[in-house]
Amino acid sequence: MPIEKLPFNKQIAYACGMIGWSIMTNTIIVMLPYFYLPPSSSGLIPLVPQFLVFGVLNIMSIIAASGRLVDAVYDPFIASMSDKSGHHRGRRIPFMKWAILPAVIFCGLTFCPLVSGESMHNAFWIAIILVGFFMGATTYIIPYNALLPELTDTAAEKVKLSSFQQVGFVIGIIISALVNNFADLVQHIFDVANRDSAVQYTIWGLAVFAGIIMLIPVVAIDERRYLVSKQPTHLPILVAIRKTFSQRNFKYYLISDFSFYMALSIISSGLLYFVTVLLHLPESMGGLLMGTMVIGSLIFYPLINYISKKHGKKSLVLFSFALLSLIFAMIYFLGKFPVSPKAQVYTLVLLAAFPLASLGILPNAILAEIAERDARVTGENREGMFFAVKFLFVKLGQTLGIALFAFLTVYGKDPGHDYGLRLNGICGFALCLIAFIFFTRFREKRIDAVVG
């Protein structure tokens, strides 16, 4: 049992960490392709060459994948260090504290190209800078998520804290989606003539703001007072990884989560393109659409909490994957339905509200239960390793989603030549279908039984 129950104000403080992290990571996801390979109608100039390497991958796809190669080694490393830590302030908070400044700096530098025009120098630059950003963001988010099962001791509490965490995540998505709206204000208020500069100033401001928000749980939560379990693990890193992957349920969870985040990354990367190219609406609509989707999601949060308590989480997750696959299929036909463009996109966004709310809340709560049960059975507190492996697959999914989106732009990303954008809808449909199929193999009752 925890020494003290985590009070409501501390739960909100915990969620703030996710807001800051979400702002930075989603700014990268939303703006990286748009800033470096903009559509012709954006007012921005292309900054990296658009050609295929080996006839398969374009430069942006390779750049998006570069940082994740480092993550493949670094994620389990930072998780193992956190799980083993005997720091007097706790196993998690000290890592989070020192990760914030590097994440802020590298986030801003990602959008500061070396050359003002199409150049391979820019490609090499952002590939290197992204490695630094991913390492900073990982050092924060792995220990942060490992706190979730440690700060709660019942399934209901885990779902509740995961709900607050997800609210933080979607707030971050909204703010990151408003980059172009904020850039409009920067241009107007500070009389910045160059659109690229306005976007850069905006992203630096958001990165600093995100870093300040990420400090809130570091300052507000004394993890020693609230932890369910406080003993560090003593497993060597390779043994810890092997034992984590030995969980049957965890494998199906990972595959489904990976497919979902790859699909979600397609939406995030493509939103501005779908709005401006397929529907011929202004780019400022992107933020409004995200806001609408989040407000719609918030309405469903109490319902999702109630249904998950009453009927379990698996059925809700499966329904959400199925609905989201149909929504992706609709993207292929955007701009071709016999209704106004605004009606089309708002219908899509409102339909997506429920599955995105469900898939935001429940997976982390499910994983927290798996990690907690594993600790009770094995006596080893490897929460950090479970979340490290999860987030490695999340980030791989996000990266491959960006890479896939960037690759498909070769087949059309401009008004009148948009086939590549529409193909992303078909790919998202297939990915959500894969997630659905694998999660049918997940045994929900095994969370409360002996895992293994």
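Below is a short chat about helix packing, a surface patch and salt bridges in a predicted model.

Biologist: Let's start with packing. How do α11 and α13 cross?

Modeller: Their axes come within 7 Å and cross at roughly 40 degrees. Here α11 covers residues 285-311 and α13 covers residues 341-378.

Biologist: Parallel or oblique, then?

Modeller: Oblique, because the angle is roughly 40 degrees and angles under 35 degrees count as roughly parallel.

Biologist: Is that crossing left-handed or right-handed?

Modeller: The crossing of α11 and α13 is right-handed.

Biologist: What sort of residues make the contact of α11 with α13?

Modeller: The contact residues split into 19 nonpolar, 6 polar and 1 charged.

Biologist: And α10 against α13, what's the angle there?

Modeller: About 150 degrees, with the axes 12 Å apart. Helix α10 runs over residues 248-278.

Biologist: What do you call that arrangement?

Modeller: Roughly antiparallel, because the angle is about 150 degrees and the cut-off is over 145.

Biologist: Which hand does the crossing of α10 and α13 have?

Modeller: Left-handed. The crossing of α11 and α13, by contrast, is right-handed.

Biologist: Switching to the surface. Which residues form the nonpolar patch?

Modeller: Leu326, Phe429, Leu433, Ile434, Ile437 and Phe438. Together they have about 490 Å² of accessible area.

Biologist: Which helix gives the most to the patch?

Modeller: Helix α15, residues 419-439, with 5 residues. Ile437 lies in α15.

Biologist: Now charges. How many salt bridges are there in the whole structure?

Modeller: The search finds 9. One of them pairs Glu150 with Arg91. Their closest N and O atoms are 2.3 Å apart.

Biologist: Where do Glu150 and Arg91 sit in the chain?

Modeller: Glu150 is in helix α4, residues 120-151. Arg91 is in the loop between α2 and α3. The two are 59 residues apart, and the pair links distant parts of the chain.

Key: Residues numbered from 1 in each chain as written. Predicted model: local features only at pLDDT ≥ 70, side-chain atom pairs only at ≥ 80, totals over all residues. Heavy atoms only, no water. Axes fitted to C-alpha atoms, helices over the stretch in contact; angles between N-to-C directions. Helix = DSSP H or I, 4+ residues; strand = E, 2+ residues; numbered from the N terminus. Parallel < 35°, antiparallel > 145°, perpendicular 65-115°, else oblique. Left-handed = near helix turned anticlockwise from the far one by under 90°. Nonpolar A, V, L, I, M, F, W, Y, C, P; charged D, E, K, R; others polar. Patch = residues over 30% accessible without salt bridge, like charges linked within 9 Å, V, L, I, M, F, W, Y side chains within 5 Å. Areas by Shrake-Rupley, 256 points an atom, 1.4 Å probe, with all protein chains shown as cover. Salt bridge = Lys/Arg side-chain N within 4 Å of Asp/Glu carboxyl O.
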